[in-house]
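Hi,

Here is the structure I said I would pass on to you.

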Amino acid sequence: MIHKERIKNLNEFRSVDNQRGDYILYWMQASVRTHWNHALEYAIETANKMQKPLIAVFGLTSDFPGANSRHYQFLIEGLLSVKNELKDRGVILSIQFDEPPSAVLKYSDDASVIITDRGYLEIQKRWYDELKTSVDCPLIQVESNVIVPVETASNKEEYSAGTFRPKITRKLEYFMKPLQPRTLKVNSFDIDVESAAPNHEKVMKKLGLKDGMTPSIFHGGTKEAIKLFNEFLSEKLECYEKFKNNPVKNCLSNMSPYLHFGHISPLYLACKISRVGGCPRFLEELIVRRELSMNFVHYNDNYSTIRSLPEWAYTTLMEHASDPREYEYSLKELENAETHDEYWNAAQKEMVITGKMHGYMRMYWGKKILEWTDHPEKAYDIALYLNDKYEIDGRDPNGFAGVAWCFGKHDRAWGEREIFGKVRYMNDRGLERKFRIQEYVERIEAIEDHFP
Ligand code: FAD
């Protein structure tokens, strides 16, 4: 079922003209999957109604802000699988080495209607704005990377999970409906579409990235996501409910890279885990926390800067900006994990080597960057820079919200102290009290030995 709230007409063309165009065009960009993809299923429904074929296009730009070869490696693994999966469903996918709007414009003249998926970042919004005025047919967006469409979940920026939770929770019963695949009636095999099937190596070469980044330990694609999620359900679920925050136990789902690149559907994950008895803690993270991040980047134009913070947090941090720091590190020292704190260094190395830091350590990591940098604004920028460079799930609404949380976003004021002001503080003694944190350090040392 595709709820009407997921579907939005982005331009002035309100009705589809059956006389116009030879095919339906699906501009795939944010939901790189054929599995539980509302935009794809809606495109198939539209093509079937109009008795026309469906083609798909993906714009592969090497200029996506902050993206490096670690991210492209993962993205392309998923994209090349999708190309084959779409073919099995009668849809030819053209991968264009171009900015997404230009890639779409190459095919838009002969399209009856263009259907796309939805991302929330500024650059994605810019693409939609650019295209809606430059195509001569309806441009329809179908939201598939959240469970509850962002404007339906709330019509304003939410203060915290506490204010957002009741709003989204009461809409879940309506939106948590499985999505069945439709069968396409007219395939697009005879349409002249640039559809060479380059292999992974050739695509990477063509992108010409020379940033020296190593791949993460994760492989992209829906199949890989489903395999990891099944392992999570059968082996880690109980551990997650009890020890989600424990970096020593390490029993997280590892779904964030797949959610970030649109390789897996959050709706699928939520329905699947609910079918096996549910896990309230997981659903809280996947639905309330994750979709609160979408709410943040959608409604807050400053989401990538310290100005996104609530007034109390910004003011208190600025009041303490010139407090003396016991330790102060440069970006280079932080990047190289050269601090006095072995727990922090381990977390930084986990991120640099594997491409994914444990969720609990991310909070500690961000708080310490604030503590050890000579100004909160600089600390904010450093945290985002490192997060987005090394995390395979970086450059995501969750990353912007996660860093902002370390500086007071979605949180309340605490007792005032040096540097942090009223922003919540975390220290190494907390890690020692809660976990056998030395075992985390040893686990990362073992990883370091394995990937020197
Ligand atoms: P699981 O615990 O298995 O959770 C399942 C899913 O729930 C995750 O994939 C994610 O989509 C969602 N989720 C879990 N924790 C959070 C959270 N705190 N906030 C919002 N959603 C959550 N997440 C990213 O996806 N990309 C980032 O770049 C990112 N950067 C962060 C930076 C900082 C400083 C902080 C404090 C948090 C950041 N997070 C980020 C949020 C969170 O740490 C990760 O989503 C989580 O660790 C991903 O691992 P997982 O999928 O194994 O998590």
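This is a predicted model: local features need pLDDT of at least 70, side-chain atom pairs count only at pLDDT 80 or more; totals for chains, interfaces and linings use all residues.

Let's begin with a meeting of two helices: Ala161, Phe164, Arg165 and Ile168 in H6 meet a set of residues in H12, namely Glu284, Ile287, Val288, Arg289, Glu291, Leu292 and Asn295.

How do the two helices sit against each other? Two packed helices are described by an angle and a distance, both taken between their axes. Here the angle between H6 and H12 is about 110°, and their axes are 10 Å apart. That makes H6 roughly perpendicular to H12, because angles from 65 to 115 degrees count that way. The crossing of H6 past H12 is right-handed.

Now stay with H6, which covers residues 161–169. Which of its residues are buried? They are Ala161, Phe164 and Ile168. Around the axis these residues cover an arc of only 65°, so they end up on the same side of H6. What do they pack against? Their partners are helix H5 (150–153), helix H7 (172–175) and helix H12 (280–299). Have a look at the start of H6 too: there, a side-chain oxygen of Ser160 comes to within 3.1 Å of the backbone nitrogen of Gly162.

Next stop, Glu143. You'll find Glu143 in the loop between strand E6 (139–142) and H5. Is Glu143 buried or exposed? Its relative accessibility is 2%, and buried means under 20%, so Glu143 counts as buried. What does its side chain reach? If you leave aside neighbours within four places in sequence, the residues in contact with Glu143 include Arg6, His38, Tyr120 and Pro149.

Finally, two residues with a backbone angle to check. Ala337 is not a glycine, yet it has a positive phi of about 55°. Look for Ala337 in the loop between helix H14 (331–335) and helix H15 (342–354). At 9% relative accessibility, Ala337 counts as buried. Arg395 is not a glycine either, and its phi is positive at about 60°. Arg395 belongs to the loop that runs between helix H17 (376–390) and helix H18 (397–406). With a relative accessibility of 7%, Arg395 counts as buried.

Cheers

Terms used. Residues are numbered from 1 along each chain as its sequence is written. Side-chain values use heavy atoms; hydrogens and water are left out. Buried means under 20% relative accessible area, exposed over 50%, partly exposed in between (1.4 Å probe, protein chains only). Helices (H or I, at least four residues) and strands (E, at least two) are DSSP runs, numbered from the N terminus. The arc is that of the directions from the helix axis to the C-beta atoms. Contact means heavy atoms within 4.5 Å. A polar contact is a pair of N or O atoms within 3.5 Å; within protein, one must be able to donate a hydrogen and the other to accept it, and residues adjacent in sequence count only if both atoms are side-chain atoms. Axes are lines fitted to C-alpha atoms, for helices over the stretch in contact, and angles run from 0 to 180 degrees between N-to-C directions. Angles under 35 degrees count as roughly parallel, over 145 as roughly antiparallel, 65 to 115 as roughly perpendicular and the rest as oblique. A crossing is left-handed if the near helix is turned anticlockwise from the far one by less than a right angle, and right-handed if clockwise.
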